[in-house]
Structure formats: C-alpha cells, structure tokens
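Subject: A structure for you to look at

Hi,

Here is the structure I promised to pass on to you. Have a look at it first, and then read my notes below.

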Amino acid sequence: MTIHWCGTGLSAIPGLRRLIEAGHPVTVWNRTVEKARAELGDLTDDIRAFDIDALGAVLAKGDVVVSMLPGDWHVPLAELAIAKGAHFVSSSYIAPEMRALDDRARAAGVSLVNEIGLDPGIDHLMAHELVADYRASDAFDAQNDLSFISYCGGIPKHPNPFRYKFSWSPLGVLKALRSPSRSIRDYAPLDVTRPWDAISSYTAPLPTPESFEVYPNRDSLPFMAQYHFEEHWPVKEFVRGTLRLNGWADAWGDVFREIETLKGPEGDARLKQMSDQFWSENAYDEGEPDRVVLCVGLKAEKDGREVWHKSYVMDAWGDARGTAMARLVSIPVSLAVEAVLNREIPAGVQAASSDPKLLARWMGEVGKLAQHLQIVDHTN
C-alpha cells in the first residue's frame with residue numbers, strides 16, 4: 001500500500017518526511033519536481049511531476065492519496081481515490097462537494113479524512129476531549145448552560161509594527177477578511193459580515209496569562225453537532241475564531257477600510273497588489289521563528305454559577321525543527337494516514353476523529369510538537 005503525497009508546500013514537509021523516515025512506501029507528487037527534490041531529495045528519489053492522470057494510472061486499491069494542494073484539487077482527488085478503492089486525507093475543511101461523496105466512499109469501503117491539520121484538526125481533537133471529559137464528570141447536567149470557545153492564530157514570535165507576518169502569499173488572509181461568520185452569543189446566532197466588526201479581547205491561560213485580539217470566523221454552528229453537543233443543551237456561547245496579537249486591529253485599520261470598498265475584477269486586482277506589497281514588507285525572514293497559539297475552552301454554568309470549566313491551551317514556536325505552523329499542520333496529517341493504513345478509521349467522509357484511543361495517541365504526539373500543551377482546570 002503506497003502513500004501518494006500530493007503537494008510539497010511550506011506546510012507539508014515535516015509530516016511527509018516523517019512518513020518516509022518511518023519506512024512507509026511514499027510517492028511524492030508536486031507540480032514542480034525541483035522544489036520537491038530540494039526538500040526531500042536526501043530521503044527519496046520517488047518524486048514525480050503532479051498529474052492526476054499519471055496518478056490515476058498507478059493508484060491501487062488500499063493506497064492513500066494525500067492532498068496538500070490548493071483546495072480545488074481535493075474533490076477530484078477524492079473522487080479518483082473512490083474509483084480506485086483508495087483512501088484520501090487532507091487538512092482542509094470539508095466542502096459540501098466533499099461531504100456529498102460520503103455514500104460513495106462508504107459503498108467503496110474507503111475513508112476520506114479531512115480537517116486533520118492544525119485548525120481545523122488539533123482544535124477538533126481538543127474539543128472532542130473536553131466534551132468527553134465534561135460528559136463523564138459529576139458536574140454534567142443536560143440543563144447546564146454551556147459556553148465554548150476555540151481560538152487559533154499564527155503570529156510572529158517577535159512582534160512587528162504590522163502585528164502579523166506571512167509565511168506564504170497574503171492573498172488568502174486578505175480574502176478571508178471579506179468572509180462573513182456565524183456564531184452564538186447570548187444564546188442566539190450572531191451573524192457578522194466582516195471580522196473587524198466583532199473583534200474582542202481574550203486572555204489565554206498560558207503559564208503567564210496573555211491577552212490577544214480575537215474574532216469569529218466561518219460558520220461555527222455546524223461544529224456543535226460535530227463536537228457531540230446535544231440539540232437540547234442550552235448553549236450560551238459557541239464560537240470558533242482567529243487569534244491575533246494585541247494592536248492588530250489598529251495596525252490593519254487602513255486595510256479594513258480599503259477592503260470594504262473593493263468590488264469586482266478591479267477589486268480583485270487591488271487585493272493582489274496589496275498582497276504583493278504585504279509579502280515584500282512583512283514576510284518572515286529566513287530562520288525567523290513563527291508562533292502558534294491555540295486555545296479551546298468549555299464552561300458549564302448552573303443557575304449562573306460556574307460548575308465545570310476547562311481550557312486546552314497550546315503554545316508553539318519555530319525552532320531547529322523548522323516552523324511551528326508546518327509541523328502542526330502536516331504531522332497530524334501523517335498520523336491520520338497511518339491510522340487509515342492501520343484500519344483504525346471507518347469508511348466515509350469525516351473530520352478529525354473523536355475515537356478515545358486515537359485522541360490520546362495523537363494528542364501525545366502534539367505534545368512533542370508544541371513547547372507548551374496543557375489542560376487548565378479553572379474550577380480548582
């Protein structure tokens with residue numbers, strides 16, 4: 001059974017190297033062979049130019065296709081995997097088109113695993129563990145009022161005036177700023193058109209507590225079911241969002257105001273121009289450490305009194321192993337690949353597993369990737 005790893009961008013390398021070094025049969029596919037050889041040539045010479053037809057010609061039953069390519073490749077590669085009786089793994093969010101492949105994947109007996117990187121990925125694992133812990137606690141009561149937060153951010157280890165640095169093209173970050181979000185605040189859905197309309201402050205329970213700016217992103221509501229919240233539970237707050245350094249909103253104020261005015265092809269062209277400028281002015285320098293902070297918290301209240309409250313907190317930064325972002329995205333992907341090969345993941349379309357054995361093993365590995373990983377009990 002061969003692992004066909006497609007894409008060797010900046011966030012792909014540590015997990016890919018881990019699989020090769022573990023002795024798994026791996027074929028590397030990349031649009032630029034030379035770039036892949038520069039990163040992996042010391043480990044393997046099975047590096048090929050990415051072409052979906054060429055991949056289809058060698059893909060066999062029981063193989064695993066990993067897509068670390070741009071998102072528009074995920075569904076075509078997953079469809080190819082189903083057709084060949086192979087499995088599929090990616091770190092990206094499950095798009096409706098991917099979700100629609102569930103019946104076909106189950107019928108073919110193959111797993112299509114997504115959302116198993118950093119965010120989405122490690123955040124899901126933390127959420128599953130906290131919810132399971134709460135359910136098993138003496139404080140559990142279906143009538144308790146619940147508040148859930150999940151904030152993740154890649155930030156510079158050494159802050160700059162812009163309060164942010166880029167590991168790759170800023171265009172994706174700029175486009176995300178134009179996206180609406182949906183969360184729950186005060187027991188009701190909160191719809192936000194632009195992130196800067198909902199920036200608030202959050203104090204992360206790190207060894208030295210640290211405050212950040214945070215805002216909701218995407219649609220948080222479907223994740224209540226994914227995290228095994230019961231429909232009848234009273235939910236006071238539920239938000240998945242982005243974490244930024246304090247001062248970020250002020251530093252980006254002009255950016256927000258201009259983005260609001262951009263429309264049509266001219267707007268897209270201006271976004272690209274802004275992206276190029278930000279890349280030249282605020283990219284990480286060679287060897288400069290990045291930082292990733294991830295905080296997931298669950299609180300239960302009864303009659304206005306806190307009866308259960310825990311936070312899963314992670315702080316990681318770039319070191320001799322490379323960037324924190326790369327290892328936290330790609331190594332969970334490699335763990336999912338191994339779980340698929342070991343038949344530990346069922347058929348069908350799914351996100352990061354809530355299986356207790358996989359959770360314990362995977363979070364054990366995450367603990368080796370981060371400089372700080374802790375569950376904080378706020379009620380003690």
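Helices α1 (13-21) and α13 each contribute at least two residues to the lining of the second largest pocket. Please keep in mind that this is a predicted model. The volume of this second largest pocket is about 550 Å³. Its lining has 23 residues, and the ones closest to the pocket centre are Leu-10, Glu-286, Gly-287, Gly-322 and Thr-323. What kinds of residues make up this lining? There are 11 nonpolar, five polar and seven charged ones. In case you wonder how such spaces are found: rolling a probe the size of a water molecule over the atoms shows where empty space is left.

Now to the inside of the protein. The largest nonpolar core has 69 residues, and Val-89, Leu-118 and Phe-229 touch the most other members. Which helix gives the most to this core? That is α13, residues 324-341, with 12 residues. Leaving aside residues up to four places away in sequence, Val-89 touches Val-333, Ala-336, Val-337 and Val-340, and its other contacts include Val-64, Ser-67, Val-113 and Ile-116. Another core, of 23 residues, lies apart from the largest one, and Phe-50, Leu-55, Leu-59 and Phe-88 are among its members.

Finally, an unreviewed UniProt entry lists residues 117-367 as "domain: Saccharopine dehydrogenase-like C-terminal". Over that stretch the chain is 34% helix and 29% strand, and the C-alpha atoms at its ends are 14 Å apart.

Enjoy exploring!

Best wishes

Notes: Residues are numbered from 1 along each chain as its sequence is written. This is a predicted model: local features need pLDDT of at least 70, side-chain atom pairs count only at pLDDT 80 or more; totals for chains, interfaces and linings use all residues. Side-chain values use heavy atoms; hydrogens and water are left out. A nonpolar core is a set of buried Ala, Val, Leu, Ile, Met, Phe, Trp, Tyr and Cys residues joined through side-chain atoms within 4.5 Å. Buried means under 20% relative accessible area, exposed over 50%, partly exposed in between (1.4 Å probe, protein chains only). Helices (H or I, at least four residues) and strands (E, at least two) are DSSP runs, numbered from the N terminus. Contact means heavy atoms within 4.5 Å. UniProt positions are given in the numbering used here, feature names are shortened, and annotations may be inferred rather than shown by experiment. On a 1 Å grid over the protein atoms alone, a cavity is a set of points where a 1.4 Å probe fits but cannot get out, and a pocket is an open set with protein on both sides within 12 Å along at least five of seven lines; lining residues have an atom within 4 Å of a point. Grid points are joined across faces, edges and corners, and a volume is the space filled by probe spheres set on the points. Ala, Val, Leu, Ile, Met, Phe, Trp, Tyr, Cys and Pro count as nonpolar, Asp, Glu, Lys and Arg as charged, and the others, Gly among them, as polar.
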